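Reader: Could you walk me through how the labels for this model are assigned?
Author: Gladly; here it is.

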Amino acid sequence: MIYARQAMSMSRSSMNRSDPLSDVLTALGARSGGRTRLEASGDWSLSFPEKERLKLVAVLRGKCWILLPDHPPQHLTEGDVFLIGSAAHVVASNPELTPIDGAALYAESGRDVVRLGGDETVLMGGSITFASAEANFVLDALPRFLLIGGASGAATAVSRTLELLDGEVGRNRIGGSLVTTRLAEVLFVEAIRAYVAEQGDACVGWIGALADRQIGEALRVIHGETKRPWTVATLAARVGMSRSAFSARFARRVGRPPLEYLTYWRMLLARQWLSEPAADIARIASEVGYLSQSAFGHAFKRTFGHTPRSQGR
């Protein structure tokens, strides 16, 4: 059973190096959404609505502008890649043009490729959507708009992945759907890596905390040994910090106190496992560190507003 394999993996996690980003994306049901290509020449402007997803777009050829509410227009050239959170946005040849509905244009074409008069400018897009209602955990951890300049060293891996993705989209090759889905997922992770590499200590939010030597290690410990009876003192000792300094720095970098984050992560894992057929609530409670179903049930309800049994229905 899938659940049994997941539970065994959880039990062995203390022996392996944990990867919190992969853990969270899996728990939130992250999956590749649509892959799109735009070829355009002359004057054009397309608007896209606010949507709970992460969208990544690369300029493969030419240049364009990206416009977001309360954000100055950003000029992009060949090789640039940008990541947008859930915000509505406009992509255009000129920021002064009145946009048309870009989402409707793709829906009308029934294809991943839209052509507007030529291929002076070519854009490649992909998105990551989330099955979980807790998608804001990731969306809030990233800037609303992130630019990875084509001239930066961090953009190299992104560019290589984009070239592979561009070779698949719209080509109707054998296995193309699976390949483009996986490449879009890789592209997203590479973009996050580029963001962390470029921002360094200036990188904020949960994503930024992963790059912090001591707080990042605390997150890996929490994700790798979730069922252990952690306290702030034992976590602080594990990463070589005083209790007070660790608690303050963890809350500042992650956005939640250490034990609140631990509980939240345990509940995300539990909810993921409860969706599996024949889920065993007692076993799940034990796997996420609870000695009794009652204590587990109260924590789950405080987090999500309903009981574990309701989740499984």
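Reader: How many helices and strands does the protein have, and how do you know that they count as such?
Author: The protein has 14 helices and eleven strands, because DSSP runs count as helices (H or I, at least four residues) or strands (E, at least two), numbered from the N terminus. This is a predicted model, where local features need pLDDT of at least 70, side-chain atom pairs count only at pLDDT 80 or more, and totals for chains, interfaces and linings use all residues. Residues are numbered from 1 along each chain as its sequence is written, and side-chain values use heavy atoms, with hydrogens and water left out.

Reader: What makes the largest nonpolar core a core, and which residues have the most contacts inside it?
Author: A nonpolar core is a set of buried Ala, Val, Leu, Ile, Met, Phe, Trp, Tyr and Cys residues joined through side-chain atoms within 4.5 Å; buried means under 20% relative accessible area (1.4 Å probe, protein chains only). The largest has 68 residues, with Trp206, Phe246, Tyr261 and Phe296 having the most contacts inside it. Helix H11 (residues 258-274) gives the most to this core, ten residues. A second, separate core of 19 residues includes Leu46 and Leu123.

Reader: Why is the largest cavity called a cavity, and what lines it?
Author: On a 1 Å grid over the protein atoms alone, a cavity is a set of points where a 1.4 Å probe fits but cannot get out, and lining residues have an atom within 4 Å of a point. Leu54, Gly126 and Phe188 are among the lining residues. Strand E3 (54-61), strand E10 (121-130) and helix H6 (176-199) each give two or more residues to the lining.

Definitions and conventions:
Buried < 20%, exposed > 50% of the residue type's maximum accessible area, 1.4 Å probe, protein only. 1 Å grid on protein atoms, 1.4 Å probe; cavity = no way out; pocket = protein on both sides within 12 Å on 5 of 7 lines; lining within 4 Å.
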